[in-house]
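Work through the exercises below with the structure open. Try each task before reading its solution.

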Amino acid sequence: MSDITALTSEIESTWFGSGLPERSQAQLADLAREYEAPARARLLREGDETRELSVLVEGRVALTEHVAGRGSVTLMTVEPGDVFGWSALISPYRATSTVTTLEPVKVIAFDGAQLREAMQSDCKLAAAIHPKLLEALARRLLATRQQLLDLYGSQQSGPW
């Protein structure tokens, strides 16, 4: 099995890649690189340029954000199959959170500039990827909302 065939299969086996047309999976595989990182490795830092959209294949990562007066707050944990680094596709291409590995991880990463270009020139690829990104972003918003409810709910001392 060729590297591209193996990557395509691996992409298809993730939540992000499942259901994508075979052509889109193959296009993603052409743009992909795989890497591994140990536990406690910082993969992205909040505010830095985000160069890659990444799919977590194995392991777990924490998405944290710096909150004044509270330090680093975990917004959510990303599980295998899900994405991080989505900011690589949305201007101004800056990380909205810090991504740190909780255990050893395996990642498939797509160069953001190349993927943006491919999506601009191929509306079918864009149409396949955008719904997946929107679903991931919706989960992030829900997790952030829950964090806010937990934070402000725990500070509430009486009825509204």
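**Exercise 1.** Leaving aside neighbours within four places in sequence, with which residues is Ala136 in contact?

*Solution.* Ground rules come before the steps. The model is predicted, so local features need pLDDT of at least 70, side-chain atom pairs count only at pLDDT 80 or more, and totals for chains, interfaces and linings use all residues. Residues are numbered from 1 along each chain as its sequence is written, and side-chain values use heavy atoms, with hydrogens and water left out.

- Step 1. Find Ala136 in helix 4. Helices (H or I, at least four residues) and strands (E, at least two) are DSSP runs, numbered from the N terminus.
- Step 2. Search for contacts, meaning heavy atoms within 4.5 Å. With neighbours within four places set aside, Ala136 is in contact with Trp15, Asp82 and Val83.
- Step 3. Check burial. Ala136 has a relative accessible area of 1% and is buried. Buried means under 20% relative accessible area, exposed over 50%, and partly exposed in between (1.4 Å probe, protein chains only).
- Step 4. Take a distance. Ala136 and Leu75 are 61 residues apart in sequence and 14 Å apart in space, C-alpha to C-alpha.

**Exercise 2.** Describe the largest nonpolar core.

*Solution.* A nonpolar core is a set of buried Ala, Val, Leu, Ile, Met, Phe, Trp, Tyr and Cys residues joined through side-chain atoms within 4.5 Å.

- Step 1. The largest core has 26 residues, and Phe16, Leu28, Leu53, Phe110, Leu115 and Ile129 touch the most other members.
- Step 2. At least two residues each come from helix 1 (3-12), helix 2 (22-31), strand 3 (52-58), strand 8 (105-111), helix 3 (112-121) and helix 4 (123-155).
- Step 3. Helix 4 gives the most to this core, seven residues.
- Step 4. Another core lies apart from this one; it has 15 residues, including Ala37, Leu44, Val105 and Ala143.
- Step 5. Return to Leu28. Not counting residues up to four places away in sequence, Leu28 touches Ile11, Phe16, Leu20, Phe110, Leu115 and Ile129.

**Exercise 3.** Is Asp122 buried or exposed, and which side chain does its own side chain meet in a polar contact?

*Solution.* A polar contact is a pair of N or O atoms within 3.5 Å; within protein, one must be able to donate a hydrogen and the other to accept it, and residues adjacent in sequence count only if both atoms are side-chain atoms.

- Step 1. Asp122 sits in the loop between helix 3 and helix 4.
- Step 2. With a relative accessible area of 11%, Asp122 is buried.
- Step 3. The Asp122 side chain makes a polar contact with the Arg23 side chain (2.7 Å).
- Step 4. Beyond its neighbours within four places in sequence, Asp122 is in contact with Arg23 and Gln27.

**Exercise 4.** Which backbone atom does the side chain of Thr98 reach?

*Solution.*

- Step 1. Locate Thr98 in strand 7 (residues 98-101).
- Step 2. Thr98 counts as buried, at 12% relative accessibility.
- Step 3. The Thr98 side chain reaches the backbone nitrogen of Glu46 at 3.0 Å.
- Step 4. Leaving aside neighbours within four places in sequence, the contacts of Thr98 include Arg42, Leu44, Ala62 and Thr64.

**Exercise 5.** Where does Ala128 lie, and which residues does Ala128 touch, not counting those up to four places away in sequence?

*Solution.*

- Step 1. Ala128 lies in helix 4.
- Step 2. Its relative accessible area is 13%, so Ala128 is buried.
- Step 3. Not counting residues up to four places away in sequence, Ala128 touches Leu20, Pro21 and Ser24.
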